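The sequence and coordinates come next.

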Protein chains: 2
Amino acid sequence: MKLKVKTINFETGNTKDVVLNIKDAQKLGQKAGDRIYIKNLESKNIEEKYWIAILQVDYSNSLVEPGEIGIFLDIIKEKTALQNDMILSVKPADPPDSFKFIQKKIKGNKLTTEEINSIISDTVSGSLSRIDLAAFITAVYINGMDNEEMTSLTYAEARSGEIFNFGPDVYDKHSTGGVPGNKVSLIIVPIVAAAGLTIPKSSTRAITSPSGTADSMEVLAPVSFEAEKLKDIVSKENACIIWGGALNTSPADNILIEIERPLRMDPMGLMIPSIITKKLSLGVKKLVLDIPVGDGTKFITPDNGKQFAYIFKEIAKNVGIQAECALTLAHQPIGHAIGPGLEAKEALTLLMDYSVGPNSLIEKATDLAGILLEMGGKAQKGMGQNLAKEILRSGKAFEKMKKIIRVQGGNPEIKPEDIILGPHVKEFFAAKSGHITGVNNAIINQIAKATGCPHSKKSGVEIFKKQGARIKEGDLIFKVYSESQNKLKKAEKIYNSTGGPIILGGMMIERI
Amino acid sequence: MKLKVKTINFETGNTKDVVLNIKDAQKLGQKAGDRIYIKNLESKNIEEKYWIAILQVDYSNSLVEPGEIGIFLDIIKEKTALQNDMILSVKPADPPDSFKFIQKKIKGNKLTTEEINSIISDTVSGSLSRIDLAAFITAVYINGMDNEEMTSLTYAEARSGEIFNFGPDVYDKHSTGGVPGNKVSLIIVPIVAAAGLTIPKSSTRAITSPSGTADSMEVLAPVSFEAEKLKDIVSKENACIIWGGALNTSPADNILIEIERPLRMDPMGLMIPSIITKKLSLGVKKLVLDIPVGDGTKFITPDNGKQFAYIFKEIAKNVGIQAECALTLAHQPIGHAIGPGLEAKEALTLLMDYSVGPNSLIEKATDLAGILLEMGGKAQKGMGQNLAKEILRSGKAFEKMKKIIRVQGGNPEIKPEDIILGPHVKEFFAAKSGHITGVNNAIINQIAKATGCPHSKKSGVEIFKKQGARIKEGDLIFKVYSESQNKLKKAEKIYNSTGGPIILGGMMIERI
């Protein structure tokens with residue numbers, strides 16, 4: 001069937017859809033979601049001459065009339081020779097081979113390396129539709145992937161994008177997430193870099209949490225860089241703290257994540273390759289993985305976390321990365337601050353003056369940094385944390401952080417008091433005296449997001465008393481910041497309706 | 001967030017998507033595929049005031065600018081008060097409860113009736129996205145559904161649409177498909193109706209085969225009717241042979257099928273409810289199910305078919321339908337004709353004159369019709385087929401078919417020779433003599449579809465010799481019809497490259 005191109009001034013951002021009028025779709029015997037094979041008779045470029053697209057159907061004649069094929073901006077940008085009124089030849093296409101491999105996984109069978117390569121390459125090319133990938137993710141969730149499959153997937157995802165080479169010994173730190181206020185990377189990276197190790201830290205923005213490392217770092221310096229600029233930054237300071245989203249590393253993994261997220265599925269068979277492939281893309285050779293364990297994290301019990309850690313180490317090893325894993329406490333926030341601006345401020349304050357703490361942040365950051373220092377031969381086994389604390393206490397980490405901020409284009413002389421918060425603020429005081437038996441992370445996250453985090457950098461929460469502390473009636477225990485009076489009110493409402501995140505118990509004293 | 005409506009003159013036909021500019025999506029903290037809760041402050045109608053939509057993101061500013069919300073025609077048609085420049089209030093929405101029930105099935109757990117009702121109602125309302133449903137279908141494929149779940153699903157799907165009442169005793173016939181040339185319904189319906197039973201036969205068009213019952217019947221009379229006209233037809237002739245697509249029966253099932261089809265998944269847990277729910281919607285009380293067994297069908301071995309039959313009967317019984325199942329041969333076409341026009345012609349010829357056969361069509365049609373006659377008390381057990389043959393031979397079935405054609409708006413005086421085929425025709429002759437040991441259905445289907453079936457009613461194939469026949473070199477064995485010279489050439493090419501569908505073997509004689 002010959003059809004005339006009609007460009008549609010709309011970018012869907014995630015598909016290779018083309019649109020046919022219902023009459024032509026029927027003539028072709030195809031329905032929405034089917035694949036069609038397109039041939040551009042006028043093109044000389046082989047990549048633009050043939051391709052497979054996924055069909056959308058216009059039932060209303062509103063967009064394309066019979067005889068037309070609607071082409072979205074996404075395709076026009078890629079196939080620049082396409083123009084209105086060009087003639088394309090169109091016929092039904094069989095699903096790609098990778099579609100059969102997805103069905104093989106659905107049937108519970110193990111996939112070969114070649115089959116996984118095929119799925120990943122068709123994921124990137126767009127030959128597999130979003131519903132195909134949803135079926136694949138569901139099948140991996142139910143039927144799992146073994147170590148060989150995960151290893152193949154890790155390699156395939158990395159090869160789908162750019163791979164960096166920052167030298168023979170590249171270090172990194174990653175967290176599986178789930179604990180509020182976890183700004184440890186802002187402390188670990190300057191410590192490790194100050195010791196002379198290379199650590200190009202690429203992070204995500206917050207997905208479901210109030211702040212990701214990239215969101216917090218962005219308060220201190222720009223974080224969005226393309227490949228050339230990243231190479232320049234790391235060559236100058238052997239470190240960076242950036243957002244990975246502007247790099248073209250493992251695009252296949254990004255596409256899968258875009259479907260896992262609304263499905264709220266994060267199967268281990270995809271999660272482990274997803275973490276490791278990004279490290280492989282950045283040339284990482286030695287990695288410490290922080291595995292927070294407990295309610296609200298991915299690992300409810302230490303045993304869950306341990307089991308994950310063993311498999312993770314194995315897959316990392318298979319692709320040439322030495323990984324050490326640390327199970328960490330996740331029962332309450334790290335430090336006191338939650339939200340991009342507040343977290344940047346807390347980290348900067350600690351880098352400038354070790355004595356102000358907070359202890360939970362010092363301990364966790366130096367624990368993890370210490371492991372990297374030991375892996376890098378900078379400290380003997382068991383002595384890494386001491387060295388990390390020494391680098392932090394001495395101000396060397398702060399000096400390194402200033403250089404990282406400068407090379408990324410921020411103001412290295414930034415002071416904690418320069419980080420503006422609010423302006424709308426509400427303080428909460430203890431209604432009675434007592435002893436804190438627990439902190440509810442879920443309520444903290446809920447309140448922090450209600451204030452406008454992570455989009456609003458000036459919003460967030462501070463928790464002044466944590467588990468084990470004794471408090472007296474009238475003590476300041478919690479503070480909420482927001483850029484919007486409305487959002488502050490919502491956050492306040494959550495605090496009041498839930499009773500707030502701080503749980504009093506034991507030795508409680510009633511006023512008489 | 002307050003946004004201004006911008007209508008988009010495009011009907012997607014299958015979603016409740018709205019489009020936000022990437023800047024607004026980020027402010028909202030939402031991504032493509034997320035749900036948003038929309039409130040129309042200006043609307044008084046409760047159904048138009050609040051709804052949940054699924055987010056698409058415009059990365060290019062080409063369709064919606066910041067501050068705008070793009071609304072497709074699909075929603076405008078439903079919510080007629082929506083206009084350009086109206087202000088809508090938008091906020092992130094949690095997934096509906098039914099999303100949790102899908103995850104429950106993914107985790108391998110049994111769903112309650114309430115949970116299934118919730119999934120089905122959100123499928124119809126559009127609160128569940130296509131990728132949610134793809135995950136659900138995959139989970140049902142892998143983890144299955146038990147009889148209670150299938151029963152609940154059957155009821156829930158039927159309740160999602162219109163339910164007809166054609167009286168206390170309504171009969172029907174259905175086939176699980178996979179055998180070419182299976183035009184038996186065009187014979188069974190008039191036989192059963194001539195005996196005085198009510199049989200409102202609603203069929204699908206061909207999906208993957210060269211012709212569905214609705215496609216073939218459409219050569220003789222219109223088949224697309226809405227509810228009121230259907231009631232009128234059945235009240236007059238106690239029968240019909242129509243396309244079910246214009247009726248609003250089990251819309252939930254149609255939505256699931258639209259996703260199962262491109263995924264090429266047809267899990268038993270959904271297939272059985274899908275068949276029975278359509279019967280329930282048409283008020284069917286007694287049903288004969290034709291289960292073709294063998295290569296190319298859904299059931300490779302008789303045991304597969306038998307297992308399916310027992311479960312099918314059980315679910316049907318649970319919803320008040322008495323079902324009998326017949327495993328049937330599927331090793332070669334029924335009759336000689338494949339394609340809408342050819343099949344209508346073959347059926348009409350037989351109705352007019354029993355003596356011309358073909359035998360395979362007579363035997364299969366009267367076998368199945370006989371079961372219905374026995375179920376309806378028109379014949380004693382074991383005597384149904386005889387009665388069916390008698391009704392067919394006597395011309396009573398033909399008289400009834402003429403009335404059905406008339407009441408559906410066709411010409412009751414239509415003769416087989418009025419059914420025009422081609423005009424492009426190619427005959428194939430035996431290259432050598434021998435004995436036919438097999439017929440390849442897959443090649444027949446491939447050739448028939450290449451000629452233009454099912455869209456082109458005048459195209460198709462005729463097979464003159466079938467399994468067991470002796471043929472002599474030069475015998476006419478196969479004939480191909482097409483409306484297009486090009487398509488005829490393609491069909492010819494398939495014949496020549498595959499060697500055609502007729503397999504010679506044994507007692508083969510070489511010319512000396």
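The model is predicted. Between the two chains, 39 residues of chain A are in contact with 38 residues of chain B. On the chain A side, helix H1 (22–28), strand E4 (50–58), helix H6 (130–143) and helix H11 (251–263) each supply at least two residues. The largest share, 10 residues, comes from H6(A). By class, this side of chain A has 16 nonpolar, 14 polar and 9 charged residues.

Helix H15 of chain A spans residues 359–375 and has 17 residues. Its first and last C-alpha atoms are 24 Å apart, close to the 24 Å expected at 1.5 Å a residue. H15(A) is mostly covered, with 13 of its 17 residues buried. Gly377(A), which follows H15(A), has a positive phi near 75°.

| Peptide bond | Omega |
|---|---|
| Cys453(A) to Pro454(A) | near -5° |
| Gly357(B) to Pro358(B) | about 0° |

Pro454(A) lies in the loop between helix H18 (441–451) and strand E15 (460–463) of chain A. Pro358(B) is in the loop between helices H14 (340–352) and H15 (359–375) of chain B.

Asn238(A) is not a glycine, yet its phi is positive, about 45°. This residue sits in the loop between helix H10 (227–237) and strand E9 (239–243) of chain A. Is Asn238(A) buried or exposed? Asn238(A) is buried, because 23 other C-beta atoms lie within 10 Å, and the cut-off for buried is 20 or more.

Asp85(B), also not a glycine, has a positive phi of about 75°. Its place is the loop between helix H3 (73–78) and strand E6 (87–92) of chain B. Asp85(B) is exposed, with 9 other C-beta atoms within 10 Å.

Methods
Residues are numbered from 1 along each chain as its sequence is written. Chains are lettered from A and ligands numbered from 1 in the order in which they are written. This is a predicted model: local features need pLDDT of at least 70, side-chain atom pairs count only at pLDDT 80 or more; totals for chains, interfaces and linings use all residues. Helices (H or I, at least four residues) and strands (E, at least two) are DSSP runs, numbered from the N terminus. The expected span of a helix is 1.5 Å times one less than its number of residues. A residue is buried if 20 or more other C-beta atoms lie within 10 Å of its own, exposed if 12 or fewer, and partly exposed in between; C-beta atoms are placed from the backbone. Two residues are in contact if their C-beta atoms, placed from the backbone, lie within 7 Å. Ala, Val, Leu, Ile, Met, Phe, Trp, Tyr, Cys and Pro count as nonpolar, Asp, Glu, Lys and Arg as charged, and the others, Gly among them, as polar.
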